[in-house]
Amino acid sequence: MLLYYPIRLLRHVSPRLLWKAAWLWVRPSLITLRAYRKRLEKGQLFPPFWFLSLTDACNLRCRGCWVDYPGPPRILPLDTVTRIIDSGKRRGCRFFTLLGGEPLLYPDLWRIPERHRDCYFQVITNGLFLDDDAVRRIRDLGNVTILVSLDGGEADNDARRGEGVFAQVVEGMRRLRRAGILFGVATTVTAGNCEEVLGDAYVRFICRLGAAYLWYYGYRPVGPDAAPELALSAAMFGGFRKRLLELRRRHPIVIIDTYWDAEGKAICPAALGLGFHIGPSGGVEPCPPLSYAADFIEPNSDVFATVNESRFLRDFQQFASQKTRGCVILERPGELADFLESSQGRDTSGRDLVCELRASRACPSHSTPESEIPEDSRIYRYLKRRLFFGLAAYG
Ligand code: SF4
């Protein structure tokens, strides 16, 4: 079915935007990963991919969201964003993920891709601000792909994200499709929606909406309303992996996960140093759900040195990879709380992350050593080995 994918792309996405994505996103990824491997050889720590949370302001209160700052919303100043991207560019990085909170509430959002026309940006949004004006800006810029969150059909989605959200998000995606924009859908798989969102009917629906890619996340019970009943069991994670392979064979859409490598072994991108997160406080954090940092991007700090010399990030990598190939947040919340407390870092969530971790119970994660299923599609094997996970740059 992937053979039909180019036809779908040409039908739904404007040729100008497709060309931009190929030139600014796909082509530089090889250069980015080459530079990353060279850094690894030198023992340097600076990932190829960055997640920048521009603000913790959000118009929704989704269950299990880790962004719930009690004070007035914070924003990552535009100058700081620019310095992070410039520093990344000097090290071969060209792809940056912008998220929140809700990034479309960040006043200078579109100035970022405008300032860095040689980079490609992924904006992860709840989809409620995709009006005609925003869609026109995205189309004119050309170096942005939109990743819209949708967690199933109307009932499942709105149970977690709020009443009426599904209909508005679908309308936003229709606007993106009419404008020929390259966009994807981010779906969180929970114990409540796994049957539905891993089903053929859901993927067909996403294809009909015009999405070019579908990005699955496994639910993490974090934040003040952690909803542990939505966490996946070990059997559900096993089923998730199996279904991914089936869906990849059956549907003309790129299906992305960042959990398993080409051999089906679990990975943690933060433990491998493939991507770190910078939150609205300027803190350099292992990943978006882990709001804890020891090092901050200050107005005059050297971004590369801040990351490369971070004892906290290096200790986290060692701690996480000693504990599991999967996710320490899910599998070892108590030990993670101990690690954070004994580290040099501080809580950037505005709540009490250590206390939240201590209150949560250990859950299975995507690490299933006894039942690893290698990718059975040559294209995905190639993509995971060569492009996405860095040419076997990890152990
Ligand atoms: S700690 Fe968990 S959520 Fe964070 S990058 Fe690793 S696997 Fe993903």
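Leaving aside residues up to four places away in sequence, F183 is in contact with T145, I146, V148, M173, L176, A211 and A212, contact being defined as C-beta atoms, placed from the backbone, lying within 7 Å. The structure is a predicted model, in which local features need pLDDT of at least 70, side-chain atom pairs count only at pLDDT 80 or more, and totals for chains, interfaces and linings use all residues. Residues are numbered from 1 along each chain as its sequence is written.

F183 belongs to strand β5 (residues 183-189); strands (E, at least two residues) and helices (H or I, at least four) are DSSP runs numbered from the N terminus. F183 counts as buried because it has 29 C-beta neighbours inside 10 Å; the criterion for a buried residue is 20 or more other C-beta atoms within 10 Å of its own, against 12 or fewer for an exposed one, with partly exposed in between.

Nine strands make up an open sheet of mixed pairing, in the order β7-β6-β5-β4-β3-β2-β1-β8-β9, where two strands pair if DSSP finds at least two bridges between them. At the edges, β7 (254-256) and β9 (284-285) each pair on one side only. Strands β2 (residues 95-99) and β3 (residues 120-125) run parallel and are joined by four bridges, with T97 of the former opposite Q122 in β3. Helix α3 (residues 78-90) packs on this sheet through β1 (49-53), β2 and β8 (275-278), and its direction makes about 180° with that of β1. Helix α7 (residues 165-178) also packs on the sheet, touching β4 (144-149) and β5, at about 160° to the direction of β4. Axes are lines fitted to C-alpha atoms, for helices over the stretch in contact, and angles run from 0 to 180 degrees between N-to-C directions.

The largest nonpolar core has 107 residues, of which W50, L52, I146, V148 and F183 touch the most other members; such a core is a set of buried Ala, Val, Leu, Ile, Met, Phe, Trp, Tyr and Cys residues joined through C-beta atoms within 7 Å. Beyond four places in sequence, L52 touches L76, V81, I84, F96, L98 and I278.

The residues around the ligand include R220, C268, P286 and C327. Helix α11 gives the most to this shell, with three residues.

Methods:
A residue is near a molecule or strand if its C-beta atom, placed from the backbone, lies within 6 Å of it. Two residues are in contact if their C-beta atoms, placed from the backbone, lie within 7 Å.
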